[in-house]
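Dear colleague,

I am passing on the structure below, together with some notes on what was found in it. Please read the notes with the coordinates open beside them.

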Amino acid sequence: MKVEQIYTGCLAQGAYYIESNGEAAIIDPLREITPYLEKAEKAGVKIKYVLETHFHADFVSGHVDLAKASGAQIIFGPNAQPTYDAYIAKDYEELKLGNVTLKVLHTPGHTMESTTFLLKDEKGKDYAIFSGDTLFIGDVGRPDLAAKSDLTQEQLAGHLYDSLRTKIMTLADDVLVYPAHGAGSACGKNMSKETYDMLGNQKQTNYALRADMTKAEFIKEVTDGLMAPPAYFPMNVQMNKEGYANIADVLKQGLQALSPEAFEAAANETGALILDARKPEVFTKTFIPNSINIGIDGNFAPWVGTLIPDLKQEILLVTEEGREEEVVTRLARVGYDYTIGYLKGGIQAWEAAGKETDSIKSIPATELEKAFNADHDIKIVDVRKDGEYKAEHVETAMHAPLDYLNDHLAEIPKNEPVYLHCAGGYRSMIAASILKARGFENLINVEGGFKAIAETSIPKTAYVCPSTLK
């Protein structure tokens, strides 16, 4: 028996490869399926099952394409109603894979079709659970993402409480826990950076698995402090439930190399959004007017999903040379299938063609300190999340979280300098690019963000531990 976790850090997502006696199963695959096919081919095994723990909201799974390419059967647990061919397994049903067994444990709560797969080894001993978004390391799945559910988040949390206590916590302490996500995912509130653990350790350390916890206490703790999910989540659920375009076709369309003239014409004729995926510190110096910067090396997919609400929005790309396919792929992972091309030769080709460019001023925190000492009334805008701002912030700073920047446009002056910062510089450049495209001209990005500002003499509020905030 072989079990491999295939973890993708940019999505904080875990897919799984299980192999036994000439057969393999893939659990919660990513959309680009070639690595799974190559892995099975190299091992000389047949992919028998593609197992889905639920209809994912934060990424588009590769289950449909992988099943077509490999001849595998797609497996869901009870309550799932996909529109394509799939086998809907019964609760406690056992699926044979070579010399091992996968037992279906229906664990509703995160969603009503959520299912945990229990792997039994060659001797029939419980070895590991693939818990999807039911149980994370240090957390559990949020109960407010079930698309078009007629249940409240409190009712779903109640189902999750029962699932954990009747299906998961009854298992032995030496069973391994392999979840679908780790720290950084929006599918939970406070996941660990660890990507797997022993169940016994989770029983001791995971707040949601406390033995003395009542259902009412569980519901309150699990639903408390939930932030609104990214806007693209329901649309990803729909794609995972109803199917989607083949990833090869999406890549072919997105990887059309466009000359500066063709790129400019496409932008003017289609109304496509120009997405610049270069590093913030590079973007700030020279970029195409009205383009939005979301750097590929940061928390790319979640911010694209938060700030580009329409999955069918046509997108033109500016990237670092050689990273075009990576960017198109990562957009497709979260359902953005309408990339229509990229700027061949990058920003250098654009400049060489004599096309118009723009820039955003960036300064170190020490320059912000000088400006503040000269005028305490300068406009400082903090675009970090609510919890970060409440924990500690510049006393005079206006708070405009990047997630809700559009709600604060009227409060940000257009006729005076505006100093933008986040925690380290990634989000503030996104905010600056959005504001620049909206006609705000006098923008100044603070390099190093609040971490750098905290080392200056600019007055800050007293620090409050984030864990104490509600």
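**Cores, a buried loop residue and a helix pair**

Leaving aside its neighbours within four places in sequence, Phe300 is in contact with Leu275, Ala277, Ile294, Gly295, Val327, Arg330, Leu331 and Tyr426. Please bear in mind that this is a predicted model. The largest nonpolar core has 78 residues, and Phe300 is, with Ile294 and Tyr336, one of those with the most contacts inside it. Helix α15, which spans residues 426-437, gives the most to this core, contributing seven residues. Another core, of 20 residues, lies apart from it, and among its members are Leu118, Ile129, Val140 and Leu171.

In the loop between α9 (280-283) and β15 (292-293) lies Ile288. Ile288 has a relative accessible area of 4% and therefore counts as buried, the cut-off being under 20%. When neighbours within four places in sequence are left aside, the contacts of Ile288 are Phe263, Ile274, Val318, Leu343, Ile347 and Trp350. From Ala25, Ile288 is 263 residues away in sequence and 46 Å away in space, C-alpha to C-alpha.

As for the helix pair, α7 (residues 247-254) and α11 (residues 324-333) pack with their axes 10 Å apart and at an angle of about 135°, so the two helices are oblique to each other. The crossing of α7 past α11 is right-handed. On the α7 side the contact is made by Ile247, Val250, Leu251 and Gly254, and on the α11 side by Glu325, Val328, Thr329 and Ala332; by class, this contact has five nonpolar, two polar and one charged residues.

With best regards

Definitions and conventions:
Residues numbered from 1 in each chain as written. Predicted model: local features only at pLDDT ≥ 70, side-chain atom pairs only at ≥ 80, totals over all residues. Heavy atoms only, no water. Axes fitted to C-alpha atoms, helices over the stretch in contact; angles between N-to-C directions. Helix = DSSP H or I, 4+ residues; strand = E, 2+ residues; numbered from the N terminus. Parallel < 35°, antiparallel > 145°, perpendicular 65-115°, else oblique. Left-handed = near helix turned anticlockwise from the far one by under 90°. Contact = heavy atoms within 4.5 Å. Nonpolar A, V, L, I, M, F, W, Y, C, P; charged D, E, K, R; others polar. Core = buried A, V, L, I, M, F, W, Y, C linked by side-chain atoms within 4.5 Å. Buried < 20%, exposed > 50% of the residue type's maximum accessible area, 1.4 Å probe, protein only.
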